Amino acid sequence: MASVAKLVGAQEVEFDARLADLKKPALEAATLPPEAYWSPELYQREIDAIFFKEWICVGRVEDVPNAGDFVTHEIATESLIIVRDHEDQICVHHNVCRHRGCQIVEGSGNTPAFKCPYHGWMYGLGGDLRGAPEFRHTENFDKKDYPLISAQVEIWEGFIMVNLDPEATPFAPRVSEMSRFGIERYGMSNHVTTHRWHFRLNCNWKEWMENSIEEYHIPWVHTETFQAVSPMKGWVEFPDITDQPWIVMVGQFPGFSYSDTGDPLFPVTPETADLAPEHSGMPIWVSYPSMGVLNSVDTTVYYVLLPDGPDHCHLRLGLAVAKESAEALARGDDPALQASHEEYVRNIDSFLAEDNKISEQQHRGMRSRHAKPGRFSKHEILAWKFDTWVAERAYS
Amino acid sequence: MVDVGTYVAPSMELIYESGVPDFRGHWDRMLPWVEVTHPRPGTGDWEAPYLRLTGRRTWPAALGRAGGEQLDPPLSNSGHVASGVVQDNARGRLAAMDAAGVERHLINAAPSVGAARGLASNMAAGVFGAYNRYAIHYCDADPVRLKVALQLHGLEPQWAAEEIRELSQEACVAAVSIALPVKIAPESSAFAPIWQALEETGLPLLHRASFSSPVWTPRYLLTYFMFAQVFERYPGLRIGFAESGVAWAPGAIEHLDRLIDAPGRVREYVDAGRIFAAVGPTDDAASVERAADELGPDALLWESYFPFVPLGCAEAPALRRAPELERHGDRFLARGS
């Protein structure tokens, strides 16, 4: 911990001691020390121990619907190519040519093969090296030895989950207990993204994440939006889930949607009708470290936070509706449905703006020399659990 | 046994890899004519999907659906062709040849390479040039037993002539196929550089029906060679007809032999060992006998279409005659003979 002690020396308190306060029971614990939100050293620990080790969502299967469709994604320093191959499998490759390390592609598109722009090495969509011009005279060179480096990938409920740690255990068993809360009843695997958001925020990724899993802020931050339908007392947290790499809180608003009235405007997923009362409404699932899913009876909203240095993060969100509705929206022949969709997007825009603004404002405060660890209320138990998980993974 | 009708079908990735830098630099221009094909196990094909050239514009739909046609099923003597033989597994081909008792393969480009004729001629030349270099590399596994028929474009005669001169230096290069276009009249001197290069190098022309415009039937081309005095002007030029069977030959030879105004005597060219025809799997025994009578038995070659032999042809009577054709193949492939 020498580097950490050096880092926080200016604040004259050992980081370890501060962490000890976090590890107390929630209502006795202190929040994460402020330096956890801006220290480059601690950020690097999070990257190494969390983002390079845990399962990260990099999108939805509909992001790459056809063979050859690809998108690129960055997890810290690692650029990834997410591609649907010619055998209809989604693959994730590190975006690094095996010749001399050049990034191979940028952005997104459709391609029959990947060709490095530097010296023309060509790879199949599955990552196998298919063409290495002028290498026939290179000794002991076999193209089979130089495929793109692939990452572990799993599809879960339509989400593309990636793990950069080749030793990582599978993702699905880690979240199988979510079934207890009926997550599969929301029909996410049949949902298709119809609108996407991308923000580069001036805050630490944990600040936005904590904000998303505590309802304490709602009456003050969401005065214009959620407060009308989402009073603080309507949320049920499940703090007894202590041994899982995920958390859930459920807004007790049966039939909630993102419409102006709160009533669903898209077809309701029938399987949600017989959910247990405490599980019914608007669950927010967070799979550590940075993926969140907000279910409602007619839509799925999901988000992924990816750090971009200690002071910035990328927030990507999607609004997904049932496939049939998505197809109708794509056809553009149902003005009423189109209007409903625009209404949902507008409302989500509004509460996102509130959350983004407050997270950036919090970060500016955290950068102050006078920022100190605070405390948790009973409405912030999941934020405490999340912080504890981060601390155990990255700082211990 | 020499088999003058065998194929490789390198993927576009292999073609790309073997191309000259200028060709690779224009790779993106190829994409509209590329499709993804699904391999068929046991046919000598690869086991994973790969890119193949088509003669029609396909992109982007074909790339998305991965719906390229599969290769025709093979019928080899062993009943199974090892993975990759048709692309990059030359060792597997040699093993298949051993199993079938075949000494030499003359390797031609499969239709997926010939499809380049649908491109602009300079791009097609780029594909054929890359293919030729790839095929030579493929034959490095055994340049004595594996022979290359260079694939050239008749719309780029100057390039074709240079290609013949340059690549004829390679020991495995044994013949030349020209994609003869429909656009050039038979009496045109445009082809002269090509015939001259063949004359100089001693390489024979292997005229493949699937590689040229359909107007260039064996009978038509032979007539052209006669009346344009190609045989006369290039006395070393030899031609073998492939992918057409041999049933056409007796009538054509007999007809040409009767034309008293012809500038040469076709039978003299046959007797001089300048005209060959390849017996294929679909020829029946009677056709083979008639061709042998008219051309003389020494003018018959054998081609199996390995590894694309159509089902049902394994017992073709002509194949039973194939061992007799062995020495003729050697003679055809011997430069300057």
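**Reasoning about strands, burial and contacts**

In this predicted model, strand β7(B) is joined to strand β8 (residues 239-242) of chain B by 4 bridges, and the two run parallel.

Me: What makes β7(B) and β8 of chain B a pair of strands?
Reply: Two strands pair if DSSP finds at least two bridges between them. Here 4 bridges join β7(B) to β8 of chain B, so the strands pair. Across from B:Leu205 stands B:Ile239 in β8(B).

Me: How do you know that both faces of strand β7 of chain B are covered?
Reply: The strand spans residues 205-208. B:Leu205 and B:His207 lie on one side, B:Leu206 and B:Arg208 on the other, and all are buried.

Me: Why is A:Gly318 called buried?
Reply: A residue is buried if 20 or more other C-beta atoms lie within 10 Å of its own. A:Gly318 has 23 C-beta neighbours inside 10 Å, and therefore it counts as buried. This residue lies in strand β17 (residues 313-322) of chain A.

Me: Which residues does A:Gly318 touch, not counting those up to four places away in sequence?
Reply: They are A:Arg60, A:Thr193, A:His195, A:Arg196 and A:Tyr302.

Me: How many residues of chain B are in contact with chain A?
Reply: There are 17, and they meet 18 residues of chain A. Elements giving two or more residues to this side of chain B are α1 (12-18), β2 (34-37) and α4 (61-65). By class, the side has 11 nonpolar, 2 polar and 4 charged residues.

Methods
Residues numbered from 1 in each chain as written. Chains lettered and ligands numbered in written order. Predicted model: local features only at pLDDT ≥ 70, side-chain atom pairs only at ≥ 80, totals over all residues. Buried ≥ 20, exposed ≤ 12 C-beta atoms within 10 Å, placed from the backbone. Contact = placed C-beta atoms within 7 Å. Nonpolar A, V, L, I, M, F, W, Y, C, P; charged D, E, K, R; others polar.
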